[in-house]
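Dear colleague,

I am handing over the structure below, and I would be grateful if you could look through it alongside the notes that follow.

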Amino acid sequence: MSQRRSDNGLRLATSLLEASSTQDREVLNEEAFERMIAIERKRTERSRKSFLLMLLDAGSNRGSEKTRKALESIVPVLLTSTRETDVIGWYKDRSTIGVVFTELLVDDKNAILSAILTRVSDTLRGNLTFEQFDQVSISFHFFPDDWDHDSSGRPSDPALYPDLFSRDKGRRSLLGVKRVMDIAGSMLALMAFAPVLLTAALMIKLTSKGPVFFKQLRVGQHGRCFTFLKLRSMRVDNDPSVHKEYVTKLIAGKAERQASGDDSEGIYKLTNDLRVTRVGRFLRRTSLDELPQFLNVLKGDMSLVGPRPAIPYEVAAYETWHRRRVLEVKPGITGLWQVNGRGRVRFDEMVRLDLLYARAWSPWLDINILARTPAAVLKGAGAC
């Protein structure tokens, strides 16, 4: 079986690197190449066919005249040794060249990578001087990238999302306004709710054993993980498998609405959860358990407004397109989901609301959502 996969990988690598005509082919500039990577990610989300990003990087020699000449001499080699459907461009202008091998049906990634690396290296050695070849390093990045594990680091591959980083650089001033709003708003909230927070902490201590705060690893913007804070609403040493099983079904669209006392239609959340304490039910119902998240906002892991931060095992169950909700914007305490139905909204609709927020974001949208949040909290729709 392993030999068959290796042979398949070699055949695919060979087909990917077949000589092709350079007529009507062009090397995209950095902006256009970033846009093509973003388009290929979305194409993969629909087709479920992977793509491979190959980067040829000049490393510590980038920017020198020798490096520029070496990289420019690679371009015609790539144009003649890749398929016409593959995309070639400057990943970083005059320092890193990229090739996107599109629409791959991959059975064995290691076999594909090994075969392509061998073919590319041999091709470059035959067309570059030893000094030029020695300046270049080659890296490979598959999309979808592997998110199927819990990690305290970043589960995503940042090389696959250059457009997101460029976008944030382009709106740095507006993001600065958002950060000022986050710091000022969270400080005011912590001061205003300090008596409530202290009272809630005392009630937790008096009614159940364990710490006041609940700490959990969550996935933030660009897939970075951070320690998420809430007031503890559950008994300690509880089994998370109940929640994991339910959210896995929820993400797959197979979860049923759960009965909720004042919501005749039910909600897409676990209700009557035996792990939740009596005080915890009140804290959840009133959203007071989320007050410590203002500390996450002050630290910079979260914003006042944004998608809810996901648990790593939730992200592992995501469809590829779902991942954009934890990549494109910083997670928040409130957001479009919270003011538009909360637990009454299906998971896919929640993701679409998060992506809508990411596309339409502005400080004014944040102000609008913050203004609508108190009414949503007091109404308690979709909470449990």
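**Nonpolar patch**

Helix 7 gives the most to the nonpolar patch, with 4 residues; helices (H or I, at least four residues) and strands (E, at least two) are DSSP runs, numbered from the N terminus. This is a predicted model, in which local features need pLDDT of at least 70 and side-chain atom pairs count only at pLDDT 80 or more, while totals for chains, interfaces and linings use all residues. Residues are numbered from 1 along each chain as its sequence is written, and side-chain values use heavy atoms, with hydrogens and water left out.

The patch is made by Ile183, Met187, Leu188, Met191, Leu295 and Leu298 and covers about 530 Å² of surface. Patches are made of residues with over 30% relative accessible area and no salt bridge, with like charges joined within 9 Å and nonpolar side chains (Val, Leu, Ile, Met, Phe, Trp, Tyr) within 5 Å; a salt bridge is a side-chain nitrogen of Lys or Arg within 4 Å of a carboxyl oxygen of Asp or Glu, and accessible areas come from the Shrake-Rupley method with a 1.4 Å probe, where for residues only the protein chains shown count as cover. Helix 7 (172-192) and helix 11 (293-299) each supply at least two of the patch residues.

**Aromatic pairs**

The whole structure holds 3 aromatic pairs, where rings of Phe, Tyr and Trp (its six-membered ring) pair if their centres lie within 6.5 Å, and planes under 30 degrees apart count as stacked, over 60 as edge-to-face and the rest as tilted. Phe143 and Tyr161 form an edge-to-face pair, because their ring centres are 6.4 Å apart and their planes stand at 75 degrees. This pair links distant parts of the chain, 18 residues apart, with Phe143 in strand 4 (residues 137-143) and Tyr161 in the loop between strand 4 and helix 6 (162-170). Phe143 counts as buried at 3% relative accessibility (buried means under 20% relative accessible area, exposed over 50%, partly exposed in between, with a 1.4 Å probe and protein chains only), and Tyr161 is buried with a relative accessible area of 3%.

The rings of Tyr318 and Phe347 have centres 5.5 Å apart and planes at 45 degrees, so this pair is tilted. Tyr318 is buried, and so is Phe347. Ring pairs also link Phe51, Phe143 and Tyr161 into a cluster.

**Whole chain**

The protein chain has 14 helices and 10 strands, and buried residues make up 51% of its 384 residues.

With kind regards
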